[in-house]
Amino acid sequence: SECNPEKFEEMVAAQEGWLNRMGAKLPIPKAPKAKKPNFIIIYADDLGYGDLNSYGATGILTPNLDQMAAEGIRFTSAYATAATCTPSRYSLLTGSYPWRNKDAKILSGNAGMIIGEDERTVPSTLKEAGYTTGVVGKWHIGLGNGKVDWNGEIRPTPLDVGFDHSYIMAATNDRVPCVYVDGRRVENLDPDDPITVVYGGDNPFPEIPTGKEHPELLRMTHSDTQHWDTIVDGVGRIGFSKGGKNAEWDDETMAENFLNKAKAFISENKDEPFFLYYALHQPHVPRLPSPRFAGATDHGPRGDVIVELDWCVGEFMDHLKKEGIDEDTIVVFSSDNGPILDDGYLDESPERIGNHKPAGPLRGGKYSQFDGGSRVPMILRAPGRATPGVSDALLSHADFLASFAKIAGVCIPEAEMADSVDMTAALLGATRSGRDQLVAEGFGARMVLRSGDWVLIPPYEGPRLFYDKDIETGNSKQPQLYNLNQDIGQRDNLAGKYPEKVAEMMAILDSIQHK
Ligand code: NG6
Ligand code: CA
């Protein structure tokens, strides 16, 4: 199809010419933005559709995100492409559905990079338009070539897939290595105390205590047999690690550390267009907020880290204003997948949930094929560009590639567009109509089709609950068809009533899969 990116220079010239012709005395129309807008994606980790005030939560106050929602657009039908982290983030950055890449599944802490160095990404695309690009926070898309040496120069890193600046944790906060990677190197690593990381099998380092063998050393008890390997900072992690003591993070300062790095990126790059991917680690497990947020809610650590997350967003937005660029910046806030209470540690999240509904009215949560897995809160704020309001436009996180390219004035060849669709008009609130359909996946790349108001979950074998975690997988031997307009909680399976709708949607899914 035809590519018509916005031509900023031409727009500005045309408007200036028009103003000159009209003379200076007339009311001056709103001037077009002379500069290309900055783009920021703030991405939470496991935040659910019902976790924010603006999405119906009452027991957890999130004033900063609510303000962003009031000043921007609150989307009610935005989807991550998956119900887990790695696949969602892969799509966010590449515009490609995760099930097209067999490696796009939850990665271990020493897995290799799954984005090819020649693969088009949001940051590599924006660089074509002269943007400076940065990532701060949770990565979890792999680092190195699969045999990563944490003590040397790591390659590839985000620096090899489009980012000019990178300050990240490799995987998740419950996985080793528990260190920050600054550019190509582990930060604060003492060369005399090298790090070794091993996944799988028995403890290869008998001298290093594990949660399994030394539960008395834990300050947070595991609830499964994954989170009981090497103890770091009093918490059993997934995976074994040895060495790198000086480089180890402190869970309670992680939020502030990432916030400061994100602010520094803004201060250093505010004069020219930039793209920042600020990937928060909250409210993923282990939930260990800074002491000032401990007890901020009645819901235990999960509620508290959501309040901390909101604070981070507020501080960050204040910084944009202080630096004088919040009017030039398109900020999107969303989450990589739906919510979960017990994801490996006993932190009282299920016991203290009270009336709070992390997935709001949606069924299922993280890992699930039901909407609670991948339908997430999404707020876009762009003063002067986006018309504030609430939008039910159907949108996928895969759409940022095509949409940001359009706004920045980059033409992407059709063959490199992957699954991304230009949703500029819906994102900026010019229309309430979004995609006709999209695909999301539950754990194990189990695809689900949303088409208009309908959702089809094809028949899948497997357990009803995910690892006994009180999360419904969505697995069923029968196809499931729901009409979300009448039944947002996916309770009334209409597959038996509308077999032709099931057949039609199975055919659409098949054609997308084999595109
Ligand atoms: C799972 C872990 C879970 C979490 C998840 C990744 C088990 C049983 N579960 O394998 O605790 O770490 O991986 O979360 O080990 S995500 O948000 O990064 O996808
Ligand atoms: Ca996640």
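Predicted model: local features only at pLDDT ≥ 70, side-chain atom pairs only at ≥ 80, totals over all residues.
Residues are numbered from 1 along each chain as its sequence is written, and chains are lettered from A and ligands numbered from 1 in the order in which they are written. Helices (H or I, at least four residues) and strands (E, at least two) are DSSP runs, numbered from the N terminus.

Let us stay with α3 for a moment. Because 10 of the 10 residues of this helix (residues 85-94) are buried, α3 is largely enclosed by the rest of the structure. A residue is buried if 20 or more other C-beta atoms lie within 10 Å of its own. Among the buried residues of α3 are Cys-85, Arg-89 and Tyr-90. Just after the helix, Gly-95 takes a positive phi of about 75°.

Cys-85 also leads us to ligand 1: of the 17 residues around this ligand, Thr-84, Cys-85, Gln-226, Asp-343 and Gly-344 come nearest. To be near, a residue must have its C-beta atom within 6 Å of the molecule.

Five of the six residues of β17 are buried. This strand belongs to an open sheet with the order β17-β18-β19-β20 and antiparallel pairing; two strands pair if DSSP finds at least two bridges between them. Since β17 (437-442) and β20 (480-483) each have a single partner strand, they stand at the edges, and one side of each is left without a neighbour in the sheet.

How many bridges join β17 to β18? There are six, and the two strands run antiparallel. Glu-441 stands opposite Met-447 in β18. In the hairpin of these strands, three residues lie between them, and Gly-444 takes a positive phi near 80°. Further along, β18 (residues 446-451) and β19 (residues 454-457) pair over three bridges, with Arg-450 opposite Val-455 in β19.

Finally, look for the largest nonpolar core, which has 138 residues. Such a core is a set of buried Ala, Val, Leu, Ile, Met, Phe, Trp, Tyr and Cys residues joined through C-beta atoms within 7 Å. Helix α6 (residues 301-322) gives the most to this core, with 10 residues.

Methods
Buried ≥ 20, exposed ≤ 12 C-beta atoms within 10 Å, placed from the backbone.
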